[in-house]
Amino acid sequence: MSFKNILEDWARYRRTREDGGFHVYEHKWGMAIDLNKCIGCNACSVACYAENNLAVVGPERFAKNQVMHWMRIERYWDEPQLAQAVPASQYQENGGSFLPMLCQQCMAATCEPVCPVAATYHTPDGLNAQVYNRCVGSRYCSNNCPYRLRYFNWFSYYESSWPAPLHMQLNPDLTVRDKGVMEKCTFCVQRIRRAKDKAKMDNRKLGDFEFQTACQQTCPTTAIVFGDLMDPETQVSKLWAAHQVELGKAEQDKENPDLRGYRVFEALNTDPKIMYMERVREV
Amino acid sequence: MSGNEINRRDFLKIMGLSGAGAALAGCDMPSYMTLEQGKEEVIPYVVPEEFNIPGVGVWYASTCRQCPAGCGTHGRVREGRVLKVEGNPGSPINRGKLCQMGQSGLQGHYNPDRLTKPLVRKSGSLVEANWDEAMDAIKQHVGSGGAGNRFAWFTGTVSGHQAVLLQAHLEAMGSGSGHHYVHEVVNTAVSQAVNREVLGEALPRYRFDQARMILSFGADFLGPWQSPVHFSTEYAKFRAAPRGILVQVEPKMTLTGANADLWLAVRPGTEGVLALGIANALLTKHNRDAGQLPADVRNTIARYDLDTVTRITDVPGDRITKVAAWLNERGPSLVLSGLSAEGQEHGYDTAAAAMLLNIILGNVGKTIVSSGSFPFPQLVAREGSTQSLSAFAEALDKGAYDAVFFYDTNPVFTAPDYMALGAKLDKVPFKVVFTNFRDETAMHADVVLPIYSQYEEWGTHVPAYQGEGSFISVQQPVMNPLYDTTRGFGDVMIDLLKMRAPDKYASFKDYYGYLQQAFASFPAEVKQGAASEEAFWQQSLQQGMVPVKRKEGGALTAKAAAVAIPDYSQNAQYPYHLIPSPRLGMWDGRHANVPWLQEAPDQISKVVWDSWAEIHPDTAQKLGVAEGDYLRITSDQGTIEVKVYIFKGIHRDAIAVPLGQGHEEYGRYAKGRGVNPLKILSPLKDGKTGELAMFGTRVQAVKAGRNEKLVRMGGSEIQAGRKLVATVTADVFRRTEGGGKDVL
Amino acid sequence: MQTKDINEQIKWAQINNDVLRSLENPRMAYWVAVGICVAMIACAVIGVGYVYTTGQGTLDLYWPDMWGTWIGTFIFWIGMSHSGTLLSAILHIVHADWRKPIYRFAEAMTTFSLMTAGLFPIIHLGRMWNLYWVIPYASDRGIWPNFRSPLVWDAFAIFTYLTSSALFLYIGMVPDLAICRDNARGWRKKLYTVLSLGWAGTDRQWRNFRKTYLLMACFLIPLAVSVHSIVSSDFAMSIMPGWHVTTFPPYFVAGALYSGCAAIITLFIILRYFFRFEEYMTIPILEKTCKLTFVIAMAWTYLNAIEFATVWYGPDQVDKELLINKFTGPYSPYFWAMLFFGSVMPFTLAFEKLRRHIPTMFVVSLFLNVGMWLERWMIVSPTLSLSYEPFAWKVVWPSIVQWAVVFGSFGWFGLLFLVFVKVFPSVSMYEVKEMVYHRRRAVVDDNAKALHRRSSDPQPAAEMPGA
Amino acid sequence: MSVKNRGSWRRLGVSHSRCNERCDVGAILAALLALMLALTMLLPANAAYAADEGGFSVPITAPTPEGYDGGYADDGFKVPNAVPPKGAYDGVNVEQPIEFPHYIHTKVNQINCMYCHTYARRSKVAGIPPLSKCMSCHLVIATDKPRIKKLTEYWEKGIAPPWKKVHDVPDFVHFTHEKHLKKFIFDNPGMPVEKAFEVCAFCHGEVKNMTVARKVKPLNMGFCVRCHEANNGPNDCWKCHK
């Protein structure tokens with residue numbers, strides 16, 4: 001480490017630090033979730049537990065919300081948009097509203113600028129990365145996430161979650177987190193990397209559906225579509241286009257306002273990369 | 001061939017290879033320790049398969065055994081450890097998809113409480129033994145000599161060559177298939193019985209993709225009904241543009257109810273009345289042709305005019321007319337009935353009434369079509385029922401058996417208290433339980449045999465409901481057995497048969513050999529022109545299934561069954577109905593020992609790790625309880641105390657307590673958690689099929705006084721005006737994406 | 001009724017004696033106090049050790065409320081530090097000489113509360129042993145901290161403020177240390193000899209001293225303001241409702257001065273009682289401090305009102321809901337308590353009778369600080385537990401461990417202060433003498449006018465400082 | 001644009017622009033501080049590393065046991081189209097079940113590394129050769145040597161020798177051999193596969209001169225990062241940390 005090194009290193013740092021880290025993106029991994037198809041069955045959530053080494057915390061800690069569910073199914077009983085359309089009843093006549101909530105992988109992520117050690121940053125493929133071994137656990141990122149999608153290792157969960165031989169199921173492709181580290185949905189980055197490496201090894205472009213995220217793969221109703229938003233040919237890009245939802249907008253100006261695509265808390269201008277398609281009810 | 005197997009097994013052996021071990025270390029000290037040179041060991045293979053590369057996962061096709069549906073799976077194996085299970089895209093049942101139970105089969109396989117050694121009862125208590133002792137004990141009881149018909153098998157749903165072996169064993173024992181009790185709490189026995197009478201086919205094929213409207217009387221087809229994943233995939237088609245309407249009628253909101261366009265809370269046990277009421281409306285208002293109905297049926301229907309039905313069922317009249325109108329316009333439709341409607345003393349008639357609607361609407365042949373018949377009857381699934389449970393209990397009363405073998409079932413947990421099954425079992429001289437865990441039944445056994453988990457076992461399975469195309473699903477081990485002190489159920493069966501019928505079975509080394517020979521003996525058209533037996537075998541393993549051609553059943557013709565539904569009667573002493581609702585995840589309680597499923601919230605109430613009682617706000621007000629208060633629920637058979645969850649998705653007269661918890665054994669994750677509502681069921685049966693009337697129990701409820709936090713996921717249950725789940729009406733949907741033209 | 005800030009007839013020797021006496025033979029009460037503080041620190045140490053080994057979960061922090069009372073207390077202590085600078089620097093520049101007898105311990109308070117505050121961001125880290133990653137150092141791995149993060153700015157701001165205020169405290173003490181040196185024996189002699197930097201009170205030394213002191217004062221004032229502005233940006237920079245408020249910097253600074261002044265009153269009364277400083281920490285000075293506090297309290301209340309108004313008439317629905325939630329929701333008791341202690345209680349300071357009644361002032365000043373602590377907590381927790389995502393709403397009471405450490409931090413501060421008052425003069429001797437001197441000159445001038453003397457006439461000899 | 005949206009939009013806009021301004025202010029401060037520190041830190045890289053991670057003691061130079069050159073692969077030979085990483089490390093001598101002589105195989109008999117460590121080009125791990133691979137030769141070759149006798153015993157028992165791990169990275173580092181080999185050997189014009197060991201030596205030192213392999217490179221993040229800089233490797237954290 002010479003004086004020169006430091007200066008170069010510093011210059012590189014300044015170059016890469018503007019605009020969330022990168023100017024040119026290889027991919028922008030995005031998602032489209034159809035709430036008309038989602039039945040809220042939890043399959044995605046459990047698949048996420050299986051794929052991403054999520055710790056089981058047990059009832060006592062669950063009661064304190066010290067819980068790890070990167071993919072959580074939110075369930076609401078009211079439906080503001082339908083309030084006037086449906087006749088009042090003392091029963092839950094239009095069923096429940098299910099919302100699969102996972103990290104929105106925002107392009108203008110609010111968690112990124114606040115991390116003191118740059119443990120969370122934007123990768124060249126547009127992912128909102130969380131580097132476990134860099135994290136010091138200031139928890140600022142979670143406090144600044146409007147979606148509340150970051151989860152903290154309050155304890156060394158790995159000591160209690162996988163009594164032998166349960167630990168043999170752990171996925172070797174990604175790290176098991178220790179106490180004091182923030183974690184969140186990674187869009188199954190280990191699968192992305194595996195597929196990209198494979199494509200690179202035989203010098204070809206990565207195709208659509210060459211790999212799937214764990215939640216997408218298991219979803220019984222195929223409500224979840226995942227892919228590259230940079231490539232207009234992928235199914236997810238087509239869905240976004242069809243629903244006239246675009247990245248980089250604080251609110252969409254749709255020619256056809258009836259199209260169902262929307263993004264949660266869009267007005268906050270966090271520019272999430274997950275588009276939801278509105279739930280449908282016959283009234 | 002067996003040499004081939006040796007290599008396979010060796011390949012499936014667990015390896016610890018550099019960088020590939022379970023990265024069981026966080027970001028701190030633990031991981032640095034692994035850096036000390038010469039501390040960790042790297043053990044290479046002795047003789048590896050060519051395609052086996054450390055650090056690269058390999059996928060194996062197999063079959064999911066988490067519930068009787070029999071989905072096809074792919075298991076990801078790395079360094080000999082199965083890490084992840086995904087659906088098999090080739091399987092026509094689940095088309096590459098899987099439910100949460102399928103995903104968490106891994107934790108059953110790697111479960112820390114798995115039974116690793118045989119248990120033998122010595123001087124009253126179960127002690128660990130080795131296989132020889134265990135098999136000797138079995139040999140001296142049922143090894144030779146005529147047990148005749150004083151021997152019985154008690155199993156869960158079985159099919160494929162397992163069923164064949166069981167059948168063979170029963171015959172070898174001289175008892176015959178009459179003594180094979182097949183038990184499932186969550187079943188569709190009643191509607192199958194109705195189908196058999198009305199359509200002549202127990203399980204016709206339901207064409208969700210054809211239906212424009214589904215009216216379901218408590219058939220939770222997105223949850224535990226026949227084949228959850230399959231019907232979920234079908235549901236997706238049904239909901240794709242042009243979007244079909246789903247109307248769910250049930251006392252307690254199930255997952256299907258939560259996704260219905262219109263969810264109708266009906267007074268428990270009056271679903272049939274509502275069906276007849278709708279039929280009435282269809283005939284009178286929409287003057288549908290009732291020609292094909294016999295006179296008595298028409299008279300029955302005529303009795304149920306709108307006011308009567310509204311009074312009995314507690315469903316508002318306008319809703320009933322609306323549903324009738326929808327059914328009239330949106331053909332072809334499909335009317336289903338399920339557990340909560342059929343689990344009554346008049347369950348059969350309720351199901352028949354639902355089927356009546358299908359006949360009136362002319363759905364038979366359109367959305368209900370023949371599924372033909374399976375070419376190999378001996379492989380067809382023996383589906384479980386609750387009738388068999390009570391029949392078994394009665395048989396035990398008579399002291400009918402000297403020896404009973406149990407496999408893939410836990411009757412002591414699922415049997416109501418009034419059957420006192422545990423006590424009766426203790427009177428049976430010799431009980432053998434094949435299981436993976438120390439479950440309640442195992443604790444009453446004389447010999448407990450630890451068998452392979454679903455990822456270590458060979459087998460073939462024929463799902464009862466197969467949808468389009470039919471096939472034999474192949475189960476192959478995706479990893480080497482974790483414990484060399486466990487054995488495959490099939491292998492043990494072969495040994496048992498060798499005891500009784502050595503001449504026929506001596507030639508088989510083990511179940512694996514037996515299967516291969518069975519495959520070799522398949523007729524040519526099944527082998528799809530495979531070059532050789534070996535080639536056919538390998539291709540079957542790769543596909544994870546053997547497609548077979550089923551005999552077409554031709555067009556279905558329906559003849560309406562007579563329907564007689566008793567009038568609804570209030571019960572002053574026990575004003576409420578107990579709804580022991582099964583749920584996707586826990587199923588009937590067999591998955592309570594899986595941490596992932598314990599921590600995966602219930603879809604409706606979002607409660608985890610516990611039992612709860614769902615009640616309506618009005619009821620809560622009447623009882624003076626708030627969320628988390630304990631409710632003392634008493635039937636004529638006993639009492640349970642459980643915390644309440646209050647929401648509007650349940651009928652006022654109903655108290656729903658989900659199945660699954662309340663285990664007294666079954667490992668650290670299940671033991672002593674929550675309550676088991678099945679225990680306090682009243683001794684009621686469906687008149688015609690003899691199925692338990694699971695949903696017919698009347699209870700009284702009082703505030704117990706205790707209060708404890710109900711561990712629920714999530715804070716607010718309303719969106720507080722934010723746009724989280726936005727909802728549009730279906731006509732908007734049809735305008736943009738409907739009319740067949742999906743946005744894509 | 002005493003009206004003079006200080007009795008100008010007091011003798012230099014007596015000042016020296018009184019102050020130096022306070023440094024010697026501590027009484028039982030002192031040791032009891034030390035004991036108590038050590039016990040409190042022990043609580044905190046045990047608590048932190050427990051967290052360190054078990055994990056942050058033992059604080060009953062939870063998703064999504066990940067900060068809780070520790071960060072609140074951190075802001076509280078930072079705030080506490082500001083009034084020291086107010087008295088020693090700002091009042092110095094505006095020549096309010098009544099500050100002279102009391103600024104010393106206020107400045108000490110600044111330094112020590114900063115030393116306390118600095119601990120909280122460290123122990124609240126999930127992996128505190130990696131704290132040094134926040135500091136920009138040339139790493140072999142070529143990684144730098146994220147300079148966009150307010151937490152990194154905090155690190156800079158606090159360290160700068162701590163060093164400079166400590167320096168300011170020390171520089172201001174040099175002449176007094178010289179006096180101590182001349183009167184001390186044993187280890188104290190050695191200590192003071194080193195610390196007093198060979199101060200001889202020569203003319204040149206005095207001139208340089210004044211320049212340095214003024215310079216430091218000017219440097220410190222903007223620094224003090226910026227520090228709490230930066231701390232406020234921890235919140236103002238986020239997009240969370242109730243945090244993203246543009247008025248936060250002035251609001252925080254006002255709150256800071258407020259809690260600081262309240263703390264000064266408390267310590268003022270304690271020192272006056274135990275060290276018999278009636279001669280120097282006189283009622284009129286207390287009264288002046290109280291007036292100052294009252295003004296700041298009103299400013300704080302006003303800024304509060306502004307915040308509520310901006311939210312109420314602003315466009316953001318979620319912000320508004322949160323505000324309503326604060327007034328009526330699960331946190332409302334603490335919120336109302338904060339408003340009562342912070343905005344209603346200070347009106348006691350408006351009445352001369354109460355201002356001059358020491359026991360009342362003691363109690364009031366304590367409650368004012370309770371209010372200010374609640375304010376900080378009310379900034380942190382409600383926003384976190386009840387923000388945009390309704391599904392994540394949850395309210396949990398902080399665990400005993402959190403309380404133990406918050407409690408212990410007061411012990412830590414107390415211990416530092418106790419050590420200080422026994423080692424260093426807590427009243428600035430030379431400045432009190434200046435003050436007395438100036439007062440005498442004033443008196444002399446009055447007499448002159450009264451006797452119609454010409455000012456050119458020779459003055460009656462007045463005792464000069466240092467004589 | 002509705003009032004609500006404009007409001008919240010502006011709120012975020014402000015906070016972001018603020019971030020960037022502050023970033024520059026902070027940056028200048030930090031740059032000064034960094035320079036000050038740097039002046040005190042004109043030391044070799046490893047010392048700085050040692051300061052970072054704790055737990056490692058990394059001397060500046062490794063003592064040179066006879067037989068190999070202290071692992072300074074970079075001045076050993078020149079690999080075309082590649083800048084060899086700098087840095088050395090003095091590993092411990094690991095006690096292996098069989099004292100495997102690398103130099104006989106690699107140096108004397110000129111066997112390519114990837115002949116035995118065959119997984120390296122196909123997987124993230126290089127792997128230890130299966131016992132069958134050893135026996136494929138040693139059923140006939142040098143069967144009288146004591147080490148081979150030992151090996152044969154294992155083979156007859158049908159169990160693999162429990163080799164000890166020498167080169168390892170923390171579990172949160174996901175290094176893949178295949179991509180490095182692809183870049184430096186197979187996609188590298190002018191790099192004949194026969195000389196693969198020169199590339200392997202980047203990180204494993206001149207194993208061909210050792211008997212039992214010995215860790216002679218730090219294999220720490222600084223070591224990786226500087227090589228990535230020199231050879232334009234990716235600098236995205238998530239490439240290696242997942």
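The axes of helices α11 (residues 283-313) and α13 (residues 332-344) of chain C come within 9 Å and cross at roughly 145°; axes are lines fitted to C-alpha atoms, for helices over the stretch in contact, and angles run from 0 to 180 degrees between N-to-C directions. The model is predicted, so local features need pLDDT of at least 70 and side-chain atom pairs count only at pLDDT 80 or more, whereas totals for chains, interfaces and linings use all residues. Residues are numbered from 1 along each chain as its sequence is written, chains are lettered from A and ligands numbered from 1 in the order in which they are written, and side-chain values use heavy atoms, with hydrogens and water left out. Helices (H or I, at least four residues) and strands (E, at least two) are DSSP runs, numbered from the N terminus.

**Helices of chain C**

- Contact (heavy atoms within 4.5 Å) between the two helices involves A297(C), M298(C), W300(C), T301(C), N304(C) and F308(C) of α11(C), and F335(C), M338(C), L339(C), G342(C) and S343(C) of α13(C).
- By class, this contact has seven nonpolar, four polar and no charged residues; Ala, Val, Leu, Ile, Met, Phe, Trp, Tyr, Cys and Pro count as nonpolar, Asp, Glu, Lys and Arg as charged, and the others, Gly among them, as polar.
- Helix α5(C) (residues 103-117) has 15 residues and reaches 21 Å from its first C-alpha to its last, close to the expected 21 Å, the expectation being 1.5 Å times one less than the number of residues.
- Of the 15 residues of α5(C), 14 are buried, that is, under 20% relative accessible area, with exposed over 50% and partly exposed in between (1.4 Å probe, protein chains only).

**Strands and sheet of chain B**

- Strands β3(B) (residues 72-78) and β4(B) run antiparallel and are joined by six bridges; two strands pair if DSSP finds at least two bridges between them.
- The two strands form a hairpin with two residues between them, and E79(B) in the turn has a positive phi of about 50°.
- R78(B) has R81(B) as its bridge partner in β4(B), and seven of the seven residues of β4(B) (residues 81-87) are buried.
- An open sheet of seven strands with mixed pairing has the order β6-β5-β17-β16-β15-β7-β8 in chain B.
- β6 (125-128) and β8 (180-182) of chain B stand at its edges with a single partner strand each, so one side of each is left without a neighbour in the sheet.
- The twist of this sheet averages 20° from one strand to the next.
- Within chain B, β15 (residues 403-407) and β16 (residues 430-435) pair in the parallel sense over five bridges, and F405(B) has V432(B) as its bridge partner in β16(B).
- Helix α5(B) (residues 131-143) lies across β5, β7, β15, β16 and β17 of chain B, running at about 130° to β17(B).

**Cores and a contact between chains**

- The largest nonpolar core has 429 residues, and F217(B), I278(B) and I633(B) have the most contacts inside it; such a core is a set of buried Ala, Val, Leu, Ile, Met, Phe, Trp, Tyr and Cys residues joined through side-chain atoms within 4.5 Å.
- Another core, of 57 residues, lies apart from it and includes M173(B), F489(B), F508(B) and Y512(B).
- T729(B), in strand β27(B) (residues 727-729), counts as buried because its relative accessibility is 15%.
- Not counting residues up to four places away in sequence, T729(B) touches L82(A), V280(A), R281(A) and V283(A).

**Chain D**

- Chain D has 11 helices and one strand, and 46% of its 242 residues count as buried.
- In helix α10(D) (residues 221-230), G222(D), F223(D), V225(D) and C227(D) are buried; just after this helix, N232(D) takes a positive phi of about 55°.
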